[in-house]
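Q: Please show me how the main features of this model are to be read.

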Amino acid sequence: MQPRDLSAHAVYRAGGPSPRAIEAIGAAASEVHVYPKSAHTDLVAAIAAEWELAPAQVWLANGGDGALDYLARALLDPGDRVLVPEPGFAYYGMSARYHHGEVRSYSLRAEDGFAQDAERVLDAADGERIVYLTSPHNPTGTTVDLADIERIAEGTDEDTLVVVDEAYGEFAETQSAIRLIEGRDGWDAREDVAVLRTFSKAYGLAGLRLGYAIVPDPWADAYARVNTPFAANTVACRAGLAALDDREHVERTVESAVWAREYLDSELDARTHGSSGNFVLVDVGDATAVAEAAQRRGVIVRDCTSFGLPDCIRVSCGTRAETERAVAVLNEVLVG
Ligand SMILES: Cc1ncc(COP(=O)(O)O)c(C=O)c1O
């Protein structure tokens, strides 16, 4: 017996790129002798339409990392300070230092469930030029409410930009802080909030290096003064455009991550931290020993010692088969 003709149906591969993006990558190959001017313009227009923004507010970049660099370049004078979460994504501090900034941190604590509330950030804030928030946060998976982001923006100096990193935003149920920039749904419009998004996570295009910042309209034109002449390459832009159009693929990627998150929470024989990202932080005791033992059995997890969390590993959400295997191996290692 054979099923009906399914040749027109793409096979869904969780975690991989959209088949439409793969096709666009192939098609873009014959265009690469030309600088990416129109590819860039087309993608920016599509992102702007997606979020209902002016195209100038979309600062396209070589990954979210590149967008962080553009923001630092646009904001920081030598010696300006920035405030970063600890634990947190290391590139905030690196980018600020590359731009001659100085780095201070606010602490997220395991005993408070790594909560990212306004008081914690405001207690640490002291006239920094940029305050970085991550929602969902890497590696803990917690989110920041829009009300807290507003309080942080209100409570910090007039010249402080609050960068809300939503690299994992598609996986969360929280709303994007773009609402605060634009003053939608009853929020007051703000000039001191920027949002970071990327094609690396839910869109599965990490290898192409494509991300962007959304900035308030009044100073959006600064992009022209800080970007490299061609901020993202043709192949990445064409793939990004196709990926944006494949909503079903993103939805299935998110569904698959949510399933894996729940499976990890319920099946791992260790304490997990509820996550809104495509990974779960797990308390395991000796993270280095557990990560090494799992790797010897063919399962790679992130030892979070470098995040300052030597008791924790971060487990990525994989396909059903990968996630089931990761849980089986980790449970074996945790007993041993
Ligand atoms: C919190 C966070 N922000 C930003 C990024 C940057 O992603 P990319 O440069 O691949 O877009 C990452 C990547 O791991 C991340 O974890």
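A: Begin with residue classes: Ala, Val, Leu, Ile, Met, Phe, Trp, Tyr, Cys and Pro count as nonpolar, Asp, Glu, Lys and Arg as charged, and the others, Gly among them, as polar. On this scheme, the shell around the ligand divides into three nonpolar, seven polar and two charged residues. The model is predicted: local features need pLDDT of at least 70, side-chain atom pairs count only at pLDDT 80 or more, and totals for chains, interfaces and linings use all residues. Numbering starts from 1 along each chain as its sequence is written.

Q: Which residues surround the ligand?
A: A residue is near a molecule if its C-beta atom, placed from the backbone, lies within 6 Å of it. Among those surrounding the ligand are Gly 63, Asp 65, Thr 134, Asp 165 and Thr 198. Helix α3 gives the most to this shell, with three residues.

Q: What is the strand order of the open sheet?
A: Strands are DSSP runs (E, at least two residues), as are helices (H or I, at least four), numbered from the N terminus; two strands pair if DSSP finds at least two bridges between them. The seven strands follow the order β1-β7-β6-β5-β4-β2-β3, with mixed pairing. Because β1 (58-61) and β3 (102-107) each have a single partner strand, one side of each is left without a neighbour in the sheet.

Q: In which sense do β4 and β5 pair?
A: Strand β4 (residues 130-134) and strand β5 (residues 161-165) are parallel, over five bridges. Leu 133 has Val 164 of β5 as its bridge partner.
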